[in-house]
Structure formats: C-alpha cells, structure tokens
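Please look over the structure before reading on.

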Amino acid sequence: MDNGHRAEASNGSLKQDVIIIGAGFGGLSCAIRLASAGLRVMILERQEHVGGKLQQIRQAGYHFDRGPSTITMPDAFRSVFDHAGVAMENYVQLYELEPRTRNIFADGTVVDLSKNRGSMKEQIAAYSSEDALRYDAFMDESAALYAEANRHFLGKLLLKPSDKYNLQMLRSLLKVRPAVKLDKLLRRYFNHPHTLAMFGRYATYVGSSPYLSPSIFAMMGHVEAEVGIYGVKGGTYQLIEGMTRLACEKGVQILTGVEVHQIAIQNGRVTGVDTDRGFMEAKQVVANGDVLSVNRLLLAPEHRKRMSDARIAKYEPSISGFVTLVGVRRQYDQLLHHTVFFPEQYEPEFEHIFRNRSMPSDPTIYICYSGYSEAGMAPEGASNLFILVNAPYLSEAWNWEEQQTRYGEFVLERLEARGISGLKQSDVLIRYTPQHIEQDTLAHQGSIYGISSNSVKQTFMRPGNQSKDVQGLWYVGGTTHPGGGTPIVTLSGQLVGEQLAVELGKII
C-alpha cells in the first residue's frame, strides 16, 4: 500500500472539502467516515509510508511491526468498517489471544492473563491467597469503570462547556473517583507486589504512572481479560493496510512524503495548508498528530493565543519508548505472543522516568513475538522480537546519541539473565529511540501518547478536538479527547469525522 499512495501534488489548487494532516489511525478513520458521507478528502503524510507511529519493517526474512502491538477494543476498529458499509473481515482479520499476556516476575512467578477467572484466581493464589479472593470484586469494579467511561467519555465529543460541565457528567466523574490514584484503588483489593505491578502496568497504556494517574485506568483489567486482546493476521500493520485500502476505495487521496509547513489562516479561519509541493486549499483541516506539535510548528503565534508556547510548556508529555527489533535464529519456550518481564521493584521505574527523566536502572521489559501465533513472521526455527522498555520523554537529562548503544546492550543483558539468551548473535538488530519517534512523527518531546494522564486535568480535560483559536481546524490523536492508545485514537477520528460531516451538511 505504501508508495502506491503517492501522487503529485502540483495541482494543489484542486479544492478539497477536508485536508487531513497525518495518516495514522486517527487520520485514516476520520477520512473514511468523511468520505463515506460523500466529502472530498485528502490526507497528507510526511513519512514515506502511511501508519504514523505504526510502521512495518521487513528484513532478512523477519517481519516486525514497529509501534502499537497490543490490540484491544476490537469494536473501535470494526466501527470504521461498519460505518463505511463493508465487512472488516474483507480487509483485515483479527484473532483472539488466550492466554492474553504472560507476566513473568523477578522471582520466577508466572501469571498468564486469562479470560477464565478461575484460572486467574488459581494462578494468583499460588503466591497470594488473599489477592486471589479479591480478584472477582476487582474485575467487577473494572467492568463498571469501563461501562462508565464508555457511556460518558469515550463515545462522544466534548466540544462545548455544557458537554463537560453538567449534572450527568458530574455524577459520572464522582462514580469514577478521579482523585483516587490507580495504585491506591488497586491496594483496596490487592496487597502483593506481583498483583499490584501486573494491574498497575495499565497506566503505561496511556503513557502514565500508576502512582500518579487516576483510577479510571483500572478499567483495562476488564478490557484485556474479558473484552480480549487480539492479534492481527499478517501483523498489526495490516490494520493500517486495511483502513488505507478502504479509504482509497471511498475516494480519499493519500499523498505520502509531503511535508506541511504551515496551516494557512485568513480572518481567523482555515484556508488550506502550505506544503513543500505548494498550497492546497480547504476550509476544514484535521490534524492527526500531537496537538502541541501542530500548534508549535504549523501555526503562527498570533493564530494560537490559547495554545501559546508558555501553555504548551505546562503540559507534561507522556512516556516514550526505547524499542529493539531482534531477528534471531532461536525460539524461546518462555515467550507467548505478549510477554512482560517485571523488575524486582516496580515503583522506581516511574521515579526514573518522570522525576529524573532518565532510563530505569531495572526496567520492565515487554516483548511482542507475533511469530508465536503465526508462521511466516520469521524464518523457520527463528523469532521476530519487538522489545520495548518505557522511556522518559526527551529532555537534556538523557542523551540518546550517547546512550543508545550502551543501554541497548544493557536491555539484552537483562533478558539474557531472564533466560532469553543469544540475542546479541542475531540476524537483525534495530534500535529505535524517543529521538527517532520525534524525528519521524513530530511527537512533542518524543512522547508516544501525547500528554500524560498523571493528573485529573490531563486525563479528563485534554486539549479539545476543535481549535478554540482557528475556525475549521480540528484535532484527532492521543493528545486530544478521548485520549491515548490505538483504539481510543481510532475512536477520536470517528467522532471528529461524524461531527464534521454533520457540520458540512452531510447526513451520516
């Protein structure tokens, strides 16, 4: 799908109804919804291939997905295809993973996350009978939190003050107890460090700390165990491929390798975009990228009074990530499709990341091994490993140009000590740092999820989907409502696409 989408933009005078900057999940889902309503849509992507932070790497017979790898909330993706009037299965196939994820702790304890509550209680009881007894109650609360989030936050735009500040929203906020931190809620049910780390890790799904973020993210216990974790046939990038094919069928023009220099504004409203291939006219622009970067890089200061540099600096960016792609002529009995190696102590990792802005001295290490579930992702007898360590957003406290090789070797040594040996004798070894994330996607300070959810304000009052400064400018992606994470970003594109189509007089 990649370069086949490239086209000459010299005829930029051809007016579009909507121009979308960025071909990630949010931009593609928004484009499909708009085009399905009969609007003329063009997507401009600065990278050579569509996908945003999710890119496909093929080397020496190994297939890697560099970017999001844990797929949850399948209905968020299915809705893209359903609203376009097609069957998702004709474009991309998902398969459910059971067990969901293997959790391996420093003392050798293993818990395979399962939809079977009996199995979960049995595994937890092996190290804490008290925690096992409280598992059902925790999962019931997790399901209730998810239902509340789905009902009042995830499925609607919050564009007007009355959308946010009303009695129904107040009641909902009280139910999810925004002032209670995730770790504190978990401690109402569990005492053992293994259980607290296993479920506390859900804060990292939105680039945050379990010791700072609100308890609403306990809903991920229900999302993963009971709604499910899914693999994608052919690799996670096939979701992007499928959405791209559907967008093209609906008439969306997708131009890759096009750099947008500025969003053009006249009398307070969008007129189009200036690019390295000329001016392209449109009265509506949707930015699928980091809201902070879009304002800082693409809008002149006089056009963003409510998103000034001073205000941008007040937002705390989310966690970033340090990725190592390894293709190795070995296979490992310890690994499932998703495997997490926890450190002896969990909390210091977040002190390193958010307080010191440095890499953890004893990191949690996540491995996605899609070849476990699907043949052909690596040569026979070999493994394609996506290895991720949480990293701080970019600052002067950590220099990746100096530390990349040293810390990369350290990660492989930590895995060697946990029984994943021989990684240094690999066919393929590629490292990808927060610096690369910033360079490729313009993510603000290399963050993966936009802003963190380490406060009530940054969780529930994120920058809005509609610019307060510029008429006709919209935002989709992890920094804006409803938040970070692949399915949530996909929802943001759907919600903005639906709202914009209505405002442009199209019936959905």
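In this predicted model, the second largest pocket has a lining of 17 residues, and those nearest its centre are Pro 193, His 194, Glu 344, Gln 345 and Tyr 346. The space in this pocket comes to about 320 Å³. Three helices, α8 (182–187), α9 (193–200) and α14 (347–356), each supply at least two residues of the lining. The largest share, 4 residues, comes from α9.

The whole structure holds 5 cavities of 30 Å³ or more. The lining of the second largest cavity includes Asp 65, Thr 236, His 337, Cys 368 and Ser 370, which lie nearest its centre. Strands β4 (62–66), β9 (229–232) and β18 (383–391) are the elements that give two or more residues to this lining.

Which residues touch the most other members of the largest nonpolar core? They are Phe 138, Met 198 and Phe 199, in a core of 63 residues. Helix α5 (residues 135–154) gives the most to this core, contributing 8 residues. A second, separate core has 43 residues, among them Ala 31, Ala 84, Val 252 and Leu 500.

Beyond its neighbours within four places in sequence, Phe 199 contacts Tyr 135, Phe 138, Leu 182, Leu 186 and Phe 190.

Terms used: Residues numbered from 1 in each chain as written. Predicted model: local features only at pLDDT ≥ 70, side-chain atom pairs only at ≥ 80, totals over all residues. Heavy atoms only, no water. 1 Å grid on protein atoms, 1.4 Å probe; cavity = no way out; pocket = protein on both sides within 12 Å on 5 of 7 lines; lining within 4 Å. Points joined across faces, edges and corners; volume = space filled by probe spheres on them. Core = buried A, V, L, I, M, F, W, Y, C linked by side-chain atoms within 4.5 Å. Buried < 20%, exposed > 50% of the residue type's maximum accessible area, 1.4 Å probe, protein only. Contact = heavy atoms within 4.5 Å.
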